[in-house]
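Have a look at the fold first, then go through the points below.

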Amino acid sequence: MDSSQNMTEGNGGNGSLSAQANDTATANASANDPKENLNQVINSIQKNLGLIHQLYLTVSSFNAASQAPLLQRLNGLITELDNMDKLAEKCNIQVPMEVLNLIDDGKNPDEFTRDVINSCIAKNQVTKGKTDGFKALRKNLLEELEQAFPDEVESYREIRAISAAESKRLAQAQSSLPNGDVKVKPEL
């Protein structure tokens, strides 16, 4: 029996050597499933936290007799950290540097999400203001043009109405399925 097997069976907790082999087999079977890869990394992180807690308990009550369990737990932690590193290589998760900086500063990373959403709302309001301004300008220009050139504006409006109806018809034709149903865009 090797030291990592002693550690996992003797600590009463975080799995056995066969469970680690099973985790590796599962990792190989689902190497293409990003969600499963992420779940495996999360499980490995939880195992590492448990091992670190056990290591803390061993170190806090250290005496000469606890040297062998301490070395076993250290070896187990190193093995699980290596496993976590291998599992993490399969995950392609990009974390913004701002989030890592917030965590380093001891702040909640949800602040980053809140700030990004608030920034998007502010930019959306600016863009909406610009589009509303252009709509008002178009309306004013059409009113002025209608006073100066009523016949041309009337023919322009007819052309716009025909063009809009044609665009709508084409959009509906492209979104219909062979059985006559209409595709519905999922709202995000």
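**Notes on the helices and their contacts**

1. Starting with α4: Leu-70, Gln-72, Arg-73, Gly-76, Leu-77, Glu-80 and Leu-87 are buried there. Buried here means under 20% relative accessible area, exposed means over 50%, and partly exposed is what lies in between (1.4 Å probe, protein chains only). Helix α4 covers residues 67-89; helices (H or I, at least four residues) and strands (E, at least two) are DSSP runs, numbered from the N terminus.

2. Before going on, a word on what we're looking at. This is a predicted model, where local features need pLDDT of at least 70 and side-chain atom pairs count only at pLDDT 80 or more, while totals for chains, interfaces and linings use all residues. Residues are numbered from 1 along each chain as its sequence is written, and side-chain values use heavy atoms, with hydrogens and water left out.

3. The protein chain has seven helices and zero strands, so the order of elements from the N terminus reads α-α-α-α-α-α-α. Of its 188 residues, 15% are buried. Take the contacts (heavy atoms within 4.5 Å) between residues at least 6 apart in sequence: 46% of these join residues at least 24 apart.

4. Back to α4 for its length. Its 23 residues reach 33 Å from first C-alpha to last, close to the 33 Å expected at 1.5 Å a residue; the expected span is 1.5 Å times one less than the number of residues. Ala-88 sits in this helix and is partly exposed, because its relative accessible area is 34%. Ala-88 is 46 residues from Ile-42 in sequence, yet the two C-alpha atoms are 9.4 Å apart.

5. Helix α3 (residues 34-60) passes the length check too: its 27 residues should span 39 Å, and the end C-alpha atoms are 39 Å apart, which agrees. Its buried residues include Asn-37, Gln-40, Val-41, Ser-44 and Lys-47. Further along α3, Asn-48, Leu-51, Gln-54, Leu-55 and Thr-58 are also buried. Val-59, in the same helix α3, is partly exposed, with a relative accessible area of 48%. Val-59 and Pro-69 are ten residues apart along the chain, with 9.9 Å between their C-alpha atoms.

6. Which residues does Ser-66 contact, leaving aside its neighbours within four places in sequence? They are Thr-58 and Ser-61. Ser-66 belongs to the loop between α3 and α4, and it counts as buried because its relative accessible area is 12%.

7. Now for α6 (residues 110-148) and α7 (residues 150-174). They pack at about 135°, with their axes 6 Å apart; axes are lines fitted to C-alpha atoms, for helices over the stretch in contact, and angles run from 0 to 180 degrees between N-to-C directions. The pair is therefore oblique, given that under 35 degrees counts as roughly parallel, over 145 as roughly antiparallel, 65 to 115 as roughly perpendicular and the rest as oblique.

8. Who meets whom there? On the α6 side, Arg-138, Leu-142, Leu-145, Glu-146, Gln-147 and Ala-148 meet Pro-150, Val-153, Tyr-156, Arg-157 and Arg-160 of α7. These contact residues divide into six nonpolar, one polar and four charged. Ala, Val, Leu, Ile, Met, Phe, Trp, Tyr, Cys and Pro count as nonpolar, Asp, Glu, Lys and Arg as charged, and the others, Gly among them, as polar.

9. Last, the cysteines. With a disulfide taken as a pair of cysteine sulfur atoms within 2.5 Å, the count is zero. Cys-91 is buried at 18% relative accessibility, whereas Cys-120 is partly exposed at 47%.
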